[in-house]
Amino acid sequence: MRARAEELTRLIRHHAGLYYDRDKSEIADADYDALMSELRALEQEFPELADPLSPTRTVGAPPSELFAPVAHDVPMMSLDNAFDLDELRAWDTRAASRLDGPAGPYVCELKFDGLAISVRYERGRLVRAATRGDGRVGEDVTHNVATIDDVPRRLGADAPEVLEVRGEVYMAIPAFERLNEAREAAGEARYANPRNTAAGSLRQKDPAVTAERELSWWCYQLGTMTGGPAIRRHSETLEFLAHLGLPVNDAWLLAEDLVAVEGYVQTAEQRRHDHDYETDGVVIKVDDFARQAELGATSHHPRWAVAYKFPPEERSTKLRAIQVSIGGKGKATPFAVLEPVFVGGSTVQMATLHNEDQVKAKDVRPGDTVVVRKAGDVIPEVLRPVLSERPEGLPAWEFPEFCPCDNHSRLVREEGDAAHHCRHPQCPAQQAGGIEHFASRGAMDIEGLGEKNVHLLIREGLIVDVADVYALEEAAVVSLENFGPKKARNLMAGIEASKERSLARLLFGLNIRHLGGAVGEFLAGEFGHLDDIISADVERLAEVPGVGPTIAASVRAFFDDAGNLAVVEKLRAAGVNFAGPSPADEGEALRPTLEGRAIVVTGALENFSREGATAAIAARGGRSPNSVSGSTMAVVAGAAPGASKLTKAESLGVPILDEQAFEHLLATGELPPGAAPEGAG
């Protein structure tokens, strides 16, 4: 047990040093909390292991030598944590037992993810600001704090003789997004998260750098006061500080009992992404100062307050392997196989790694402990390795040379492309994906030809490519597993009806790289017949509005392939429409379904170049701004999306769509079922 306690102490001090001294994190906050909880439990079970300098009995970290030390008149303590309602109730029971009665009323406040500071005013004038440091001695950051717009330089005439207040310096999500966009434009690395960025920005030697970072401040606690009014409750403190013009978050609640506290906690958790700043929990405080004094404090935290932590959206786990999946267009996408971990409300076992460049940039390796993020319905993503836990000599992962299918064809990465592709025409993943795409609603809309049936037909040797669909015979289909006379008859009717779909739908259904449904409409409208598109050179194709050189080259390469041309001829022989819109599709093309709505595109899409996606949105009457706001209808996320855009979308409740959902949106002007945020009309 002693060895484990010493190991936990070493790990906690290592990660605390990174967090407090270098404003960076290797592991997720939830995993740091788990280390601390394990050490605290060991010390409680084996008191002989306890040490006065244990991390469970100390706060923060010693102040940096870069800044002058500031002794706090009243220590700035940490808070005890509760990770579920049972732990919250246990805290309340302990408090009530010390008071011989209920501890309430309580004040509930949002817990901000930033950097704690103390700000001192004398005769209404700001004279000093300091970080928490180790709780007793902090760092003098007065000149930097004075650049923050939310921190008043002077208070009103009724300000106390001396007022020292505590609060949290943070970086709002829009400010974080703007900073990262500027760094990207300058060719610099993106910052990882708003909290560490805010802390690093505040602890700059040059206040001018701090001033550029758009920091903000919430004030939430009274430290010391001389000459002010008599205040007996924490709720009165918040009202008084707001009266003085200090920024107090108005989301706090005076709760009469624990039932009201639990209601506030549950609502705050549901709405945690509704704000333009990050919250990771709720702070609950006993309101009455006399009861606070009676409850007292440990060397680490006051007994009259507790931090209820929301379920984590980042956790650490073991990366078992990196594998590659092959999409319907042959795109080879690496993904992480993880030891199962509960994060973002569900158990995650796989997470995206996007492409080879992303794996190299993050330097994650099979055998690493990695940090995984999942927020809401966003696809889980591996963020970074925990380098301090990397086994010695762990080799870097190399992108495989060959496709994992039985053909073992070489994976090709073309110049200027972020992704590898398998080009083998009989690659099973491409066969199935291509036929499923061809039959999908946005393409030829063949009911009954979904994923399960496509794989069945391929397995039975009845289809190899999309043209083979039109050679199917009802007698062969009706005898298959899960098919009967009615299902077989309906499938054949759907196949026959699809022959009359528009040229635009056919173009989209052919699964041409970078060619989305809207681009198919542009080409169909310009040329009117598939043969004219096949015979057009790159320059002529690129002249079509909304197409551009990238899509034009991809279209030309598709029709230059002899195998693809053979499929086209089989489609012609089957009687598939090659000329313009069908009567059923007349009037549908380029309807202004988006009517001025804002759609933000981030990351690399499979069926659209960036200009193609923008043109498709514009053709539907929509807009494609660079930033996410409250008026954004949706964010379309491809491979390696901008993290700040996704974070902003989550905070505002803006739906995040994959490429298939984007096609649905373009076609209908409506979000796919389940994509609209709760309460959206």
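**Aromatic pairs and the open sheet**

Modeller: With a relative accessibility of 14%, F558 falls under the 20% limit and therefore counts as buried. F559, at 2% relative accessibility, counts as buried as well. The model is a predicted one, and the values that follow are computed from it.

I turn now to the sheet. It is open and is formed by 5 strands in the order β2-β11-β10-β3-β9, with mixed pairing. Strands β2 (80–82) and β9 (253–255) stand at the edges; each has a single partner strand, so one side of each is left without a neighbour in the sheet. On average, and with direction ignored, neighbouring strands of this sheet are turned by 35° against each other.

Within this order, β3 (residues 106–112) and β10 (residues 279–286) run antiparallel and are joined by 7 bridges. Y106 stands opposite V286 in β10.

Two helices lie across the strands. Helix α3, which comprises residues 85–99, lies across β2, β3, β10 and β11 (305–309). The direction of helix α3 is at about 175° to that of β11. Helix α9, comprising residues 258–270, lies across β3, β9, β10 and β11 and runs at about 20° to β3.

A pair of aromatic rings is described by the distance of the centres and the angle of the planes. With ring centres required to lie within 6.5 Å, the count comes to 9 aromatic pairs. One of them is formed by W91 and Y106; this pair is tilted, with 6.2 Å from centre to centre and 55° between the planes. W91 lies in helix α3 and Y106 in strand β3, so the pair ties together parts that are 15 residues apart in sequence. Both W91 and Y106 are buried.

The residues with which this account began, F558 and F559, also form an aromatic pair. Their arrangement is edge-to-face, at 5.1 Å centre to centre and with 90° between the planes.

Ring pairs also link F112, Y170, W218 and Y277 into a cluster.

Conventions. Residues are numbered from 1 along each chain as its sequence is written. This is a predicted model: local features need pLDDT of at least 70, side-chain atom pairs count only at pLDDT 80 or more; totals for chains, interfaces and linings use all residues. Side-chain values use heavy atoms; hydrogens and water are left out. Two strands pair if DSSP finds at least two bridges between them. Helices (H or I, at least four residues) and strands (E, at least two) are DSSP runs, numbered from the N terminus. Axes are lines fitted to C-alpha atoms, for helices over the stretch in contact, and angles run from 0 to 180 degrees between N-to-C directions. Contact means heavy atoms within 4.5 Å. Rings of Phe, Tyr and Trp (its six-membered ring) pair if their centres lie within 6.5 Å; planes under 30 degrees apart count as stacked, over 60 as edge-to-face and the rest as tilted. Buried means under 20% relative accessible area, exposed over 50%, partly exposed in between (1.4 Å probe, protein chains only).
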